[in-house]
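Please read each point with the sequence and the structure in view.

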Amino acid sequence: MAKKLRFGIYCDVQNMPEVEESAQIWGLMGLIQNADRNGYDYFCVIEHHFFPTFSICTNPLALWSAAAQVTENIRFRTVCHTLPLHNPLILAGEIAMADILTKGRIDCGIGRGHGWLYDPASIPHRESMGRYEESMEILQLAWTEERFSFHGEYFDVADVQVAPKPVQKPYPKVYMAGTSGAAFTKAAERGWGIFLGAIAPFEIFRPGRDIYWEACKASGTTPDFGYSRVVHIADDEQTARRECATALENFFGLANEPMATIQSPETKQKLIDGGYGFYASDALLTLGQMTADDIIDQGLAFVGTPDQVRRDLEDFATESGIDEFCLITSFGGLDDALAARTQDRFAREILPTFR
């Protein structure tokens with residue numbers, strides 16, 4: 001019997017140079033409505049800046065506030081609010097406002113974000129972990145305390161009030177994103193979930209998952225492990241591969257655009273010093289050079305007939321121990337109609353197996 005899972009849709013919101021940005025955003029809105037009609041549990045995006053072919057989703061909270069007005073049941077998750085780029089006292093109030101406008105349908109994903117964001121944002125890599133940890137503490141205080149004080153290295157406030165408060169109590173469900181397994185211990189201790197995936201192989205995340213599981217056991221908390229991967233469905237495997245080949249290579253290859261900005265020896269050392277060793281490696285560059293057939297054959301995307309995708313997911317769920325799976329159906333410039341078709345067919349022909 002297949003493991004019972006929750007299901008969502010994840011989208012990076014990549015903007016191809018020939019596509020009008022506003023059209024990209026409104027197309028995304030249509031996919032959110034389609035996912036809601038199909039009974040998916042979540043729609044997820046990241047917060048990202050500066051590199052449009054990687055993502056133009058600079059304000060997920062605005063997206064969720066708008067999407068909530070045209071959907072009924074689906075929940076919304078920003079997979080990663082990049083905490084070191086924000087003043088957490090301000091972000092806490094913004095998240096609470098979105099929680100009100102969505103009537104309690106948002107989750108809150110947090111992380112340090114991609115290593116290439118820091119130089120353009122004029123924030124030193126070496127400050128990322130300290131800002132991240134202080135921001136986590138401040139968010140919790142801002143959501144749960146009427147007034148509070150906090151005295152840290154980066155934030156020093158006395159008797160401050162943050163309003164409004166979230167409608168979800170004590171605050172929206174929190175998920176931690178990233179590749180640093182050490183940070184996942186904090187998620188386990190707080191009863192938070194973790195969310196991983198996209199283009200990187202599962203083996204990169206396995207050590208962090210294991211740390212998270214062990215920390216949940218030690219803390220007496222329940223693990224909540226979400227994962228995302230590209231899915232594309234058609235009547236036959238050849239058609240499925242042909243339809244998504246260019247978009248799949250774009251999705252993996254466009255990681256090279258921001259990666260190209262962090263290749264100097266000086267920047268790589270800053271990444272290493274800031275705990276971003278993964279970004280100082282050639283892992284993403286190597287992934288960006290793969291062909292579509294390589295990506296599919298290595299199991300980095302589930303592409304084929306509904307039966308093939310179902311088997312792939314059953315095998316992956318058994319191997320990884322996920323509690324939630326988010327399909328990436330819109331990627332690399334793939335036509336929205338094809339993305340919606342995969343959402344539709346997965347919901348009808350695969351999702352019931354795991355309910």
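1. **Ala-177.** Residues up to four places away in sequence not being counted, Ala-177 touches Val-79, Cys-80, Ile-110, Gly-111, Phe-184 and Phe-195; contact here means heavy atoms within 4.5 Å. The residue belongs to strand β7, helices (H or I, at least four residues) and strands (E, at least two) being DSSP runs numbered from the N terminus. Its relative accessible area is 15%, so Ala-177 is buried; the terms are buried for under 20%, exposed for over 50% and partly exposed in between, with a 1.4 Å probe and protein chains only. Between Ala-177 and Pro-124 there are 53 residues in sequence and 20 Å in space, C-alpha to C-alpha.

2. **Basis of the values.** The model is predicted: local features need pLDDT of at least 70 and side-chain atom pairs count only at pLDDT 80 or more, whereas totals for chains, interfaces and linings use all residues. Residues are numbered from 1 along each chain as its sequence is written, and side-chain values use heavy atoms, with hydrogens and water left out.

3. **Helix α4.** Helix α4 covers residues 128-144; at 1.5 Å a residue its 17 residues should span 24 Å, and the end C-alpha atoms, 25 Å apart, agree with this. The expected span is 1.5 Å times one less than the number of residues. Among the buried residues of α4 are Arg-131, Tyr-132, Glu-134, Met-136, Ile-138, Leu-139 and Trp-143. The buried residues of this helix pack against α3 (88-101), β4 (106-111), β5 (148-151), β7 (174-177) and α5 (181-190).

4. **Helix α14.** Which residues of α14 are buried? They are Ala-339, Ala-340, Thr-342, Gln-343, Arg-345, Phe-346 and Ala-347. Their packing partners are β1 (6-11), α1 (21-37), β2 (42-45), β9 (225-233), α13 (306-320) and β11 (324-328). At the start of the helix, a side-chain oxygen of Asp-335 comes within 2.8 Å of the backbone nitrogen of Ala-337. This is a polar contact, that is, a pair of N or O atoms within 3.5 Å; within protein, one must be able to donate a hydrogen and the other to accept it, and residues adjacent in sequence count only if both atoms are side-chain atoms.

5. **Arg-355.** Arg-355 lies in the segment after α14 and, with a relative accessible area of 38%, is partly exposed. A polar atom of its side chain lies 3.2 Å from the backbone oxygen of Gly-39. Neighbours within four places in sequence aside, Arg-355 is in contact with Lys-4, Leu-5, Arg-6, Phe-7, Gly-39 and Asp-41. Glu-257 is 98 residues away from Arg-355 in sequence and 39 Å away in space, C-alpha to C-alpha.

6. **Gln-14.** The loop between β1 and α1 holds Gln-14, which is buried at a relative accessible area of 7%. Its side chain reaches the backbone nitrogen of Gly-332 at 2.7 Å. Beyond neighbours within four places in sequence, the contacts of Gln-14 include Gln-24, Pro-52, Phe-54, Asn-250, Leu-254 and Phe-331.

7. **Aromatic residues.** Rings of Phe, Tyr and Trp (its six-membered ring) pair if their centres lie within 6.5 Å; planes under 30 degrees apart count as stacked, over 60 as edge-to-face and the rest as tilted. The model has 18 aromatic pairs by this rule. One of them is the stacked pair of Trp-64 and Phe-76, at 5.1 Å centre to centre and 20° between the planes. The pair links distant parts of the chain, 12 residues apart: Trp-64 is in helix α2 (residues 60-67) and Phe-76 in strand β3 (residues 75-82). Trp-64 is buried at 0% relative accessible area, and Phe-76 is buried at 0%. One aromatic cluster is formed by Phe-202, Phe-205, Phe-225, Tyr-227, Phe-302, Phe-316 and Phe-325.

8. **Charges over rings.** A charge sits over a ring if NZ of Lys or CZ of Arg is within 6 Å of the ring centre and within 35 degrees of the ring normal. Arg-77 lies over the face of Tyr-175, 3.8 Å from the ring centre. Arg-190 lies over the face of Trp-192, 5.1 Å from the ring centre.

9. **Cysteines.** With a disulfide taken as a pair of cysteine sulfur atoms within 2.5 Å, the count is zero. Cys-44 is buried at 0% relative accessibility, and Cys-244 is buried at 0% relative accessible area.
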